[in-house]
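Subject: Structure handover

Hello,

Here is the structure you are taking over. My notes on it follow below.

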2 protein chains.
Amino acid sequence: MTETEQQSVVVQKYGGSSVSTAQKIRAIARKICERAQSGVGLVVTVSAMGDTTDELIDLANAVTGPDLSPSPRETDTLLSTGELVSSTLMAMAIHSFGLDAVSLSGQQAGIRTNAVHGSARIAAIDTERLNRELGSGKVVIVAGFQGLGDTGDVTTLGRGASDTTAVALAVALSAEQCEIYTDVDGIYTTDPRIVPRARKLKEIGYEEMLEMASLGAKMNPRSIELAAVYGVPVLVASTFDDVPGTLIHRGEPTMELRRAVTGIAIDKNVVKIIVRGVEDRPGVAGGLLRPLADAGISVDVIVQNTSDDGTTDFTFTVGDADAQRALDLVRQQQAVKFRDATHGGELAKVSIVGTGMQNGPGYAATMFSSLAEAGVNIDMITTSEIRITCIVRRDDVPAAANALHDAFELDRAD
Amino acid sequence: MTETEQQSVVVQKYGGSSVSTAQKIRAIARKICERAQSGVGLVVTVSAMGDTTDELIDLANAVTGPDLSPSPRETDTLLSTGELVSSTLMAMAIHSFGLDAVSLSGQQAGIRTNAVHGSARIAAIDTERLNRELGSGKVVIVAGFQGLGDTGDVTTLGRGASDTTAVALAVALSAEQCEIYTDVDGIYTTDPRIVPRARKLKEIGYEEMLEMASLGAKMNPRSIELAAVYGVPVLVASTFDDVPGTLIHRGEPTMELRRAVTGIAIDKNVVKIIVRGVEDRPGVAGGLLRPLADAGISVDVIVQNTSDDGTTDFTFTVGDADAQRALDLVRQQQAVKFRDATHGGELAKVSIVGTGMQNGPGYAATMFSSLAEAGVNIDMITTSEIRITCIVRRDDVPAAANALHDAFELDRAD
């Protein structure tokens with residue numbers, strides 16, 4: 001290769017269930033070696049083996065005792081070992097098939113982050129060593145999920161953030177593609193366990209993928225955002241089944257992306273909190289929700305109805321896991337007066353997603369009428385540019401999702 | 001503390017069986033906190049939890065397959081994770097008892113080594129961060145067994161080398177003492193499982209400890225050598241039993257060290273290789289043994305007898321695990337002609353050890369006669385300044401060790 005020729009680079013990522021045993025690591029190593037024969041420079045990010053991260057968290061809680069949380073700084077170094085183990089094992093397995101490979105920790109791969117332990121953000125990637133190892137013909141295995149904070153300590157990027165590592169490496173190395181291999185074989189129009197006629201998509205735009213992120217592929221939204229900003233194509237495909245996956249890329253108006261509705265996102269993990277008799281004055285919503293934001297609780301749908309008596313009812317949704325804590329925080333806050341705050345029952349979000357909806361007014365009407373025909377009551381509604389979401393009873397999810405999948409003809413192949 | 005005052009520092013080391021569960025880590029953390037209350041600066045080195053290192057080696061072999069050895073460079077990073085896990089957990093456990101603590105990897109602790117993966121030697125310790133963390137009142141937990149090689153990759157110091165980490169830290173920090181906590185409560189006059197009257201020693205000199213290193217405490221000989229060179233006192237004691245241990249220190253002529261014989265070392269792991277009819281010319285021993293040295297096999301006792309026919313018989317001992325390989329290597333070598341090479345049976349070494357023997361001629365005679373009275377045949381003899389070793393049949397070890405323990409009155413307390 002001459003100096004002016006730049007080797008083409010592909011970044012791959014293998015998730016924890018794909019590398020859960022020595023046998024699986026060997027099977028992936030064999031595929032990596034085949035791919036490397038094509039002459040492409042390969043950088044491979046791996047997650048920790050199987051349930052390693054959960055087991056390490058259990059150990060951290062056990063040594064800390066029930067009344068305290070483990071130190072975030074120590075937890076980060078602890079959890080980072082899971083990816084060190086899987087990346088070194090992957091390098092060894094590649095060696096055994098006769099190819100040269102080297103594992104790099106996040107620090108060695110030049111991944112610099114801020115110092116927010118447990119959810120650090122990548123600040124920069126110094127590609128000097130990555131390029132040196134690639135230039136010497138090695139397959140480079142990078143421990144996912146971790147970096148070096150600006151205080152010189154190991155940081156982690158948050159659960160599921162090996163996807164983010166992979167996309168960030170693809171950006172830094174100007175890779176032609178980032179490939180996410182996992183135990184599902186692509187992005188579906190909706191959850192196939194709920195809608196049997198769900199169909200795998202050949203391609204999807206970044207924005208739609210962000211809205212669908214809660215679907216089967218369970219991709220980390222931060223990684224999609226990063227790919228979108230830099231326009232890195234991301235392929236989501238099966239680790240072991242040799243079938244076409246789904247390509248996430250910038251929405252060129254191809255056949256499929258011209259469809260109005262691309263998919264149906266389902267989130268069965270929604271609880272409604274109702275605050276009644278709230279004094280009606282500016283700043284009330286902020287006052288009620290500030291303690292939740294400070295506690296790291298994401299509030300999703302928010303609805304406010306003014307009553308005749310000069311007070312308002314204020315309703316919002318949070319995830320199941322945060323419901324009790326959110327209710328306690330609202331009750332404890334002193335900034336806003338209200339009559340009572342209650343848990344409003346177990347709900348779900350069903351959304352239609354598609355960039356093609358932006359210019360068409362009929363999609364909401366079709367959605368509401370097909371839910372009505374299926375006997376599904378709509379509790380709350382929220383919309384974005386490319387998404388319409390209905391909050392429904394959790395039991396109604398199968399009826400709702402199947403009715404919408406049929407109404408928008410998502411089972412129809414292109 | 002004023003600038004001129006230097007805080008007194010103690011380095012502790014806890015072995016793998018001492019930190020094998022979360023409960024044990026909490027129990028040790030509690031003891032560390034009590035000790036820290038006394039005002040001493042504490043640096044604590046930990047080994048990997050329980051069988052972690054063996055499990056990681058099994059994984060490395062499994063991904064590499066049966067025909068190859070895992071890459072030493074990758075193996076070092078892999079194995080280093082075991083100590084990262086135990087050291088972060090120890091820091092968390094200390095936090096939970098209300099004290100400040102920080103875990104440091106070998107790299108973060110400033111431990112610089114050469115690049116001999118798997119058996120790196122410590123080149124230097126940069127104590128800047130260690131002193132900074134100690135100065136801010138933290139208990140400092142250092143991952144044992146590892147360092148940063150001069151190529152920028154993680155290295156390990158060899159099996160059992162957390163002892164070496166601890167002693168090296170004690171040297172670098174001018175610690176008043178290095179404390180090795182383990183599942184035995186000190187150094188005994190001999191193996192108590194073989195000689196019921198074995199007695200725990202209050203103290204022992206470095207040289208004697210080196211000779212006795214194969215005894216109960218199983219201390220890493222490199223750590224003893226290092227302690228001897230720098231005169232660091234090393235206390236070997238039980239992790240959980242609050243009984244006095246054994247102090248290894250420079251041999252001031254105290255009561256106990258004035259004894260002629262300090263202990264009886266036993267090594268049941270000896271095999272004899274006999275090479276018969278070797279041509280008798282200079283360079284023969286070197287020619288026969290060079291291939292073994294190249295293969296990393298330690299040869300211990302060597303005896304050469306010239307026969308009447310102008311050839312010699314050449315006999316040497318190796319460890320059980322190396323016996324077959326040593327025999328193969330001798331048979332394959334081309335440098336020296338010989339009639340035949342055979343496996344000479346399973347033997348053991350029984351040694352009397354003591355600095356006091358240097359100036360007294362009667363110890364060998366007493367040793368040989370008491371073995372004879374016990375009906376033990378002596379196969380080979382070898383001596384050092386402070387040790388006399390007899391090679392005997394493995395079955396004769398109990399009789400030999402008990403006879404010698406009685407003959408030298410080692411059960412007599414001071």
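Strand β1 (residues 9-14) of chain A runs parallel to strand β9 (residues 177-182) of chain A, and five bridges join the two. Within this pair, A:Q12 stands opposite A:E179 in β9(A). Strands here are DSSP runs of E of at least two residues, helices are runs of H or I of at least four, and both are numbered from the N terminus. Two strands count as paired if DSSP finds at least two bridges between them.

Before going on: this is a predicted model, in which local features need pLDDT of at least 70 and side-chain atom pairs count only at pLDDT 80 or more, while totals for chains, interfaces and linings use all residues. Residues are numbered from 1 along each chain as its sequence is written, and chains are lettered from A and ligands numbered from 1 in the order in which they are written.

The sheet

β1 and β9 belong to an open sheet of eight strands in chain A, with the order β3-β6-β2-β1-β9-β11-β12-β10 and mixed pairing. β3 (101-104) and β10 (203-205) of chain A are at the edges with a single partner strand each, so one side of each has no neighbour in the sheet. On average, neighbouring strands of this sheet are turned by 20° against each other, direction ignored (axes are lines fitted to C-alpha atoms, for helices over the stretch in contact, and angles run from 0 to 180 degrees between N-to-C directions).

Chain A overall

Chain A has eleven helices and 18 strands. Its C-alpha atoms fill a box of roughly 75 × 55 × 40 Å along the principal axes.

The two chains

In the interface, 26 residues of chain B are in contact with 26 residues of chain A (contact means C-beta atoms, placed from the backbone, within 7 Å). On the chain B side, α1 (22-36), α2 (52-64) and α3 (72-96) each supply at least two residues. α3(B) gives the most, with 13 residues.

Chain B superposes on chain A by a rotation of 180° with 0.1 Å of shift along its axis, at an RMSD of 0.1 Å (least squares on the C-alpha atoms of residues with pLDDT of at least 70 in both copies). The two copies are therefore related as by a two-fold rotation axis. In chain B, the C-alpha nearest the axis belongs to B:T81, 2.7 Å from it. The same surface serves both copies, as 100% of the contact residues of chain B recur in chain A.

Regards

Key. Two residues are in contact if their C-beta atoms, placed from the backbone, lie within 7 Å.
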